[in-house]
Amino acid sequence: MSRPAIDLFQNAFGTIPRSAASAPGRVNLIGEHTDYNGGPVLPIAIAERTTAVVGPGPADAPGTLEAVSTRYNAVARVRWQEELPPGWPAYVAGVLRELWTLEAIPPRGSLRIAVASDVPIGAGLSSSAALSVATAKAIATFVGAKLTPRQIAGVAFRAEHDHVGVRCGVMDQTIASLGKSGHALLLECASLEARQIPFAARLLLVDTGVKHDLSAGSLNERRAECEEVVKRLKLELPDLVWLASWPVEWLPRLKRALPEPLRSRAVHVVSETARARFAAQLLAGKKLTQFGRLLYESHESCRRLYECSAPELDTVVAAAKRAGALGARLTGAGWGGAAIVLVKERGAGSAERVAEAIRAAFREAYGREPEIRPVKSSAGVRTERV
Ligand code: ADP
Ligand code: MG
């Protein structure tokens, strides 16, 4: 697992690394656009991982970070306390700064790091959290700092959010850190309460190949709409902080209080919150058929109310449903990207038959085929051998 990163380290720096760690990408089963509204999400860690290997930096240059990745050619060399480097080394510098804040590393520490990964970048599988979590763990191991998985997730989150400057929620780093093979994680994004839920179902990931540039504004627009909703609902319920805490029994009152499109956005968030919690219960009770139905409902809510789907995603979900899949929905914000499909073990609705049906429908509509692969719930961050 860590071989490519170790080889890269030796080629780039001419020495051997001292510690290694890897962290997974993720797929969110249900709970879409609930994270930044203080609601629940239900992600799994996937088999694709990023590995980081670490060793001491040049002795004659205190406070220096040298970083190299199989994804980018050049070795970056930066003074991590003084400057935030452009591009991907900023994630590593952010992790270093956070570890320094925790007094886990000395102020003028020097470090070398090499990274290798099979998590695709920008495909909605959270390659950035796989990178920051693996990096945090590898560095903590190298310096002998004993951090809990929660602390690793916190360091990685603040590196990405506060230093790199991405307006992300806590889901990606938390699942990359706390993920457990054969389980999904019910994470309440307001309280950070987390619960492992057994998950053994067969799941496909269908990448539509439609790129969504979130900075292009759709996500920011939705976030602004949700903030406006909370401002207005505070007149009804002054204590309301998170939109997701609006009681689902009070949907009629919410509808009366809001004009469109705020009403639709709010109904999605409040009902998706209830759906995600119920989905976790169903999963815990092994009620896969009912769980699957909630995936379809979630997609419909994303499409009609939150308006974050795309025609290609709707094609995939409709084809999956016709072919007898248990459930399907867009995953990872939407407006393009990927869908998940919950399939049966065999017969109609099995992985093979559903994948074929999706390929045919997609070919018919767009003249090309989407990439389809099985996803398995895997382990979160771990140290690797060097
Ligand atoms: P994603 O949905 O994949 O997390 P982001 O835009 O959040 O997409 O993060 C992608 C960024 O993370 C890349 O542009 C790069 O800066 C960094 N990154 C991810 N994986 C790697 C890697 N293996 N090596 C170097 N940088 C990486
Ligand atoms: Mg990311």
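This is a predicted model: local features need pLDDT of at least 70, side-chain atom pairs count only at pLDDT 80 or more; totals for chains, interfaces and linings use all residues.
Residues are numbered from 1 along each chain as its sequence is written, chains are lettered from A and ligands numbered from 1 in the order in which they are written, and side-chain values use heavy atoms, with hydrogens and water left out.

Let's start with the whole thing. The chain holds eleven helices and 13 strands; helices here are DSSP runs of H or I with at least four residues, strands are E runs of at least two, and both are numbered from the N terminus. Along its principal axes, the C-alpha trace spans about 65 × 50 × 40 Å.

How much of the chain is tucked away? Buried residues account for 58% of the 386, where buried means under 20% relative accessible area, exposed means over 50%, and partly exposed is in between (1.4 Å probe, protein chains only). Among contacts with a separation of 6 or more, 70% join residues 24 or more positions apart; a contact means heavy atoms within 4.5 Å. The accessible surface comes to about 16100 Å², and carbon and sulfur atoms own 52% of that (Shrake-Rupley method, 1.4 Å probe; for residues, only the protein chains shown count as cover).

The domain assignment gives domain 1 (3–199) and domain 2 (203–374), with bounds that come from an automatic or database assignment. Their contact takes 28 residues from domain 1 and 41 residues from domain 2. The C-alpha centres of the two domains lie 28 Å apart.

Inside domain 1 (3–199), have a look at helix 3 (residues 127–143), which carries Ser-132. Ser-132 is buried, at 0% relative accessible area. Beyond its neighbours within four places in sequence, Ser-132 is in contact with Val-95, Ala-156, Glu-160 and Gln-173. With neighbours within four places set aside, Arg-158 is in contact with Glu-98 and His-163. Arg-97 is 61 residues from Arg-158 in sequence, with 9.6 Å from C-alpha to C-alpha.

Over in domain 2 (203–374), Gly-327 sits in strand 10 (residues 327–331). Gly-327 is buried, with a relative accessible area of 0%. Leaving out residues up to four places away in sequence, Gly-327 touches Gly-292, Leu-295, Tyr-296, Ile-340, Val-341 and Leu-342. Gly-327 and Leu-342 are 15 residues apart in sequence, and their C-alpha atoms are 5.1 Å apart.

Last stop: the loop between helix 9 (288–304) and helix 10 (311–322), where you'll find Glu-307. Glu-307 has 44% relative accessibility, so it counts as partly exposed. Setting aside neighbours within four places, its contacts are Arg-222, Arg-265, Cys-302 and Trp-335. Arg-222 is 85 residues from Glu-307 along the chain, with 9.5 Å between their C-alpha atoms.
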